[in-house]
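Please consult the sequence and the model shown here.

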Amino acid sequence: MAERAALVTGGSSGIGLAVARALGNDGHGITLSARRPDKLEAAAEELRGDGIDVESVPANMAEEDDIKRVAAAHKERWGRLDVLMNNAGVGIGGLIAEAETKKVDMQLDVNLRAVYLMTRESIPMLKEAGAEHHKALIVNTASIAGKRGEGWLAAYSATKFGVVGLSQGMHKELAQDGIQVTALCPAFVATAMTDWVEGEVPKDEMIQPEDIGEAVRYLLRTSPNCIVPEIQFIRPGDSL
């Protein structure tokens, strides 16, 4: 049984996979979750090939029962939770006047509601870890679009603003239990979600997923008394 354990949603590629690899290489047992079972299992096998102990749990973060199942599977496998990475997300661009309600609801459910529900289900385990070593950690993936609203991405921006506010509220509620909460607010990251802008911003000029993994490592290295409520990642030339 690992001495530390982490749960990462949206973990089959990009930011989630990079964070899972960073934590796994540092000795955490990993529960990896994503919506597509085939892609998730391929990612889990990739990590296992690197010597990382991984439990893979397919789930749709828009479904409450799936969220509960992921938390329960993690507890059954590892018996503890030191790091929760709420990374699952979806971005659907378009004009507000032309938005389909189901696509708005999907972004609200996956990007914001799931962060709340997954955290709710994980709090008992996180409090146990916080009582043990005063450094349990929740990392919520927001976006630079959660710091400044973006046209054509209004619903996405709204959900990520919500993640930032939710993270601040979580930290105020849970800090006394040895749980730190941080929202990550990156600009363009070189993942599939930014394929649509690759013609304007080359992938090699974007933030790399491994940079986000190093940020999570940094958060775990800081003193329990060091409060890092949010981290913004920007490229040279980005304006705030």
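How many residues apart in helix H2 are Arg48 and Glu45? Being 3 residues apart, Arg48 and Glu45 are separated by about one helical turn. The model is predicted: local features need pLDDT of at least 70, side-chain atom pairs count only at pLDDT 80 or more, and totals for chains, interfaces and linings use all residues. Residues are numbered from 1 along each chain as its sequence is written, and side-chain values use heavy atoms, with hydrogens and water left out.

A salt bridge is a side-chain nitrogen of Lys or Arg within 4 Å of a carboxyl oxygen of Asp or Glu. By this rule the count is 20, including the following pairs.

| Salt bridge | N to O distance |
|---|---|
| Arg21 and Asp50 | 3.4 Å |
| Glu41 and Arg48 | 2.7 Å |
| Arg48 and Glu45 | 2.6 Å |

Arg21 lies in helix H1 (residues 14-25) and Asp50 in the loop between helix H2 (37-49) and strand E3 (54-58), so this pair ties together parts that are 29 residues apart in sequence. Helices (H or I, at least four residues) and strands (E, at least two) are DSSP runs, numbered from the N terminus.

Most residues other than glycine have a negative phi. His134, however, has a positive phi of about 60 degrees and lies in the loop between helix H4 (101-133) and strand E5 (136-141). Phi of Trp152 is near 75 degrees; Trp152 lies in the loop between E5 and helix H5 (154-174).
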